[in-house]
Structure formats: C-alpha cells, structure tokens
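Visitor: I am new to reading protein models. Could you walk me through this one, a question at a time?

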Amino acid sequence: MDAVQWRPPFGMRAARSALLLAGLATWWLVYRNLEAFARWFVHDLLSMAADTRLISALEFFVYEAPKVLMLLFVVVFGVGIVRSFFTPERTRRMLAGRRQAVGNVLAALLGVVTPFCSCSAVPLFIGFVTTGVPLGVTFSFLISAPMVNEVALVLLFGLFGWKVAALYLGTGLAIAMIAGWTIGRLHLERWVEGWVYQTKTGVGPDTAALSWADRVRAGRDAVKDIVGKVWPYVLAGIAVGAGIHGYVPENFMASIMGKGAWWSVPLAVLIGVPMYSNAAGIIPVVQALLGKGAALGTVLAFMMSVIGLSLPEMIILRKVLRPPLIATFAGVVALGILLVGYLFNIVL
Amino acid sequence: MNVKILGSGCARCKQLYAEAQKALAQSGVEASLEKVEKIDEIMKFGVMMTPALVIDAEVKCSGRIPPAAEIVSWLTTAAAKAG
C-alpha cells in the first residue's frame, strides 16, 4: 500500500475536525429530543386519540426507528475507525504460537475489533492455521467475530439499555473463549481438510501507517456499507415490533417463552440456528416479545443462535472443515448458548 | 504490467473487478487484468480478506473496494516505476 500520501494543509484539517465535532453535537441534541418529538408527532400533530392500540404501535415506531438508526450511524462510524487499527494480518501475528487459554481469550477479544466478513472465513481460516495459530484459538476468533456484532450491540443498547448490551457482550465473549478452548482440547486437527495444512501461505501485505483522514474515511465507508445494507431490516424489524407492541396482549408470550417453560430455551436455539437473519432485523422483534412476557434468557439464546451460528457460514467452512468438525463446532457453540439462556432465566 | 483481483467470486469481488476495469480505462495504462478465484492461489499472496487487488505481485488492498481514482493512482505509480 502506498506510503506517499497527500496531506491537506492545516487549515483544511482544522475545518474538517470542526465540522465533525459540530456534526456530533447536532446528533446529540436531536437524539436527546427524540422521545418528546415522537409524543408530539403522534399526539399533537396527528391528534389521534381514538384507537389507543394504534397509537402505542405508532409511538413505538416513530420513537424507535430514528433512535436506532441514529445510534447505528454513530457506532458503526466509530467501529469503522477502531477497525482501521486492526487488520487480520496483525491479529494473526498476535495470535501465532499462543498457548491455549491465553490464546483463546485474546482471540475472542480480537474477534470483536478485527474486520471480518463471513465471505472471507476460508482465507482467514487457512491464513491462521497455516501460520501457527492453534485450531482452538482460531475457532475462538471465528465464533466471536460474527457473534459479538456491533449492530447487535447498538440495537440491544438502544432498545434494552446498557445492562443487556453488556450481558450480551460478556456472554458472547465467554462462549467464544470456552467453545474454542474445548475444540482445542479435543485435538480435532484430523478433521480439517488435509490440503489446508499443505497450503503455502505467503506473507501478507504490510500495511502502511494510515493518517487520521484515512481512518475517518474508513469510518465513513463502514457507515455507507453497513448502515446502507441493514436499514431496511431495521425498519422492518421495528415495524413488526411496533405491531407486537400495540396489538399483542400483555403476558401473551409468558406461557410460550416465559421462565416457566423450560423447553423454550432449547426450542429457541433449535429454531434460531437455521434461521439466517442479521441482528438488525431480529432484535426489534425480540424486544417486543420481551415486553410481552418472554424471558430474557430465552430471548437472548434465540438471538445468539440466529446471529452467531449461521448455515451459510457453515456451508462456506465446509470447504476447509470435515463434517464432524463442523458438527462439533455447531454443537459446542449451541451448548454454550443454551447454558447462557438457562443461566439468565435462573438469575434474573 | 499485470493486475489481479483475488476473491472466490463473491459479489464484492465482482464489484472490485468492475472498478479495476474502470480505472484501467481511465488511466490509459497498458496492463492485463485477471481474476484469481482458486483459494490456494489467493493464499500465496497471504491475503486473508477478499476481495484483494494485486499489481505486479504487490498486494495493494484487501477486504475493501477502493474507488477507481485510488486504483488509477496505484496504476500510474506502478507504470512510472516500471519506466
């Protein structure tokens, strides 16, 4: 990558920074006033009082949709900047030759901040295991990267508050660490396709130092790429959520997805694994279910299995992994999610 | 000069290919453009994020789709270097 970069003059850089700050300040002002705006919009502007169910659904939508989109915007931008400091090459260097345990913890953490797309799962897997990253450590990374997802984190924070978001982050990391460690202890290298270890992996590109302008651009690209892709799902999810919020009776979900129904957790995982939706579409629905009496553990288990274990990713990984290893991988992660579900239903 | 697009045929790889085509036309640099889709060929470049763009065996970017203008600047510097 080219090291020769054109640097804008100081005045221009200062103006850009000022613009960025002004943008953030405006964002904050609008964000703080969304709830009041939603109330005003629904009650005063549309002056609807006749159908209270429609009102509560509408208020939900008018408040949640801009709130979630705004949060998404800022967080994806921030994550884009953070990720410009991490590349898979750097992550691989940090993980190569690590012992179990320490390696698993580090890999799970790096999985959150290293840019990852399930379409590059195969080159990433080969790049890791052929350069001395242990199999279990590689799995910790491969589990945490999709499961601990910034869009999911934003939605959970926006719709449920910071406690649930932190729970999701913590348990997602724990599952990635423990599942990867378990796979490492089982010594399943024989179930990796033979040609993988024979692959000659070249030395990756050496990234030149990026300027701050480059990093801001990386953030902007991330917003264009991710928010540009997920916003229809977010809106659809919030619309369904709004419908449930307004029209499904209180405690309707308690009997099916409540704490009392022990079978609901495995059922949630079983339904969730083959489902492939992005976090953006599923969480607003889940939030509405929670409001109607579904238990948090059950809901969290459902969500994690939808996001963290996806059928397309397993099909992609089939190129490098034999079926027993894919089954073990899915099984260990599903088990972890199951335990998390029960744990929260018992504790909370 | 030789330009390669590494990637196993995903949508983003095709996007990068199109962008590289555009850049080649804009820059007027003489170069061949080829797709590399075989995983072991891709791994030789040590690339872990696809799509990637390679000019004369040097990886210019991976995991992102640079705008045509950026590719043009790589092409012209590479052409100048080749002299």
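Visitor: Which residues of α15(A) do Ser264(A), Val265(A), Ala268(A), Val269(A) and Gly272(A) in α13(A) meet?
Guide: Keep in mind that this is a predicted model. Two residues are in contact if their C-beta atoms lie within 7 Å. By that test, the α13(A) residues meet these residues of α15(A): Gly297(A), Thr298(A), Ala301(A), Phe302(A), Ser305(A) and Val306(A).

Visitor: Are α13(A) and α15(A) roughly parallel or roughly antiparallel to each other?
Guide: Two packed helices are described by the angle between their axes and the distance between the axes. The axes of α13(A) and α15(A) come within 8 Å and cross at roughly 20°. Angles under 35 degrees count as roughly parallel. The two helices, α13(A) and α15(A), are therefore roughly parallel.

Visitor: Why do the buried residues of α13(A) line one face of the helix?
Guide: The buried residues of α13(A) are Ser264(A), Val265(A), Ala268(A), Val269(A) and Gly272(A). Down the axis of α13(A), they line one face because they fall within an arc of 135°.

Visitor: Are α4(A) and α5(A) roughly parallel or roughly antiparallel to each other?
Guide: Helix α4 of chain A covers residues 88–95, and helix α5 covers residues 102–113. Their axes come within 10 Å and cross at roughly 170°. Angles over 145 degrees count as roughly antiparallel. So α4(A) and α5(A) are roughly antiparallel.

Visitor: Which residues of α5(A) do Thr91(A), Met94(A) and Leu95(A) in α4(A) meet?
Guide: The contact of α4(A) with α5(A) has five nonpolar, two polar and no charged residues. On the α5(A) side, the residues met are Gly103(A), Leu106(A), Ala107(A) and Leu110(A).

Visitor: Is the crossing of α3(A) and α11(A) left-handed or right-handed?
Guide: The axes of α3(A), residues 52–83, and α11(A), residues 212–247, come within 8 Å and cross at roughly 160°. That makes α3(A) and α11(A) roughly antiparallel. Their contact has 26 nonpolar, eight polar and four charged residues. The crossing of α3(A) and α11(A) is right-handed.

Visitor: Does Gly293(A) count as buried, exposed or partly exposed?
Guide: Gly293(A) is in the loop between α14 and α15 of chain A. A residue is buried with 20 or more C-beta neighbours within 10 Å, and exposed with 12 or fewer. With 18 such neighbours, Gly293(A) counts as partly exposed.

Visitor: Which helix supplies the largest share of the side of chain B that touches chain A?
Guide: The contact takes 19 residues from chain B and 19 residues from chain A. In chain B, α2, β4 and α3 each supply at least two residues of the side that touches chain A. The largest share, five residues, comes from α2(B).

Visitor: Which residues is Lys44(B) in contact with, leaving aside its neighbours within four places in sequence?
Guide: Lys44(B) is in helix α2 of chain B. With 15 C-beta neighbours inside 10 Å, Lys44(B) counts as partly exposed. Leaving aside neighbours within four places in sequence, the contacts of Lys44(B) are Lys200(A) and Gly202(A).

Terms used. Residues are numbered from 1 along each chain as its sequence is written. Chains are lettered from A and ligands numbered from 1 in the order in which they are written. This is a predicted model: local features need pLDDT of at least 70, side-chain atom pairs count only at pLDDT 80 or more; totals for chains, interfaces and linings use all residues. Helices (H or I, at least four residues) and strands (E, at least two) are DSSP runs, numbered from the N terminus. The arc is that of the directions from the helix axis to the C-beta atoms. Axes are lines fitted to C-alpha atoms, for helices over the stretch in contact, and angles run from 0 to 180 degrees between N-to-C directions. Angles under 35 degrees count as roughly parallel, over 145 as roughly antiparallel, 65 to 115 as roughly perpendicular and the rest as oblique. Ala, Val, Leu, Ile, Met, Phe, Trp, Tyr, Cys and Pro count as nonpolar, Asp, Glu, Lys and Arg as charged, and the others, Gly among them, as polar. A crossing is left-handed if the near helix is turned anticlockwise from the far one by less than a right angle, and right-handed if clockwise.
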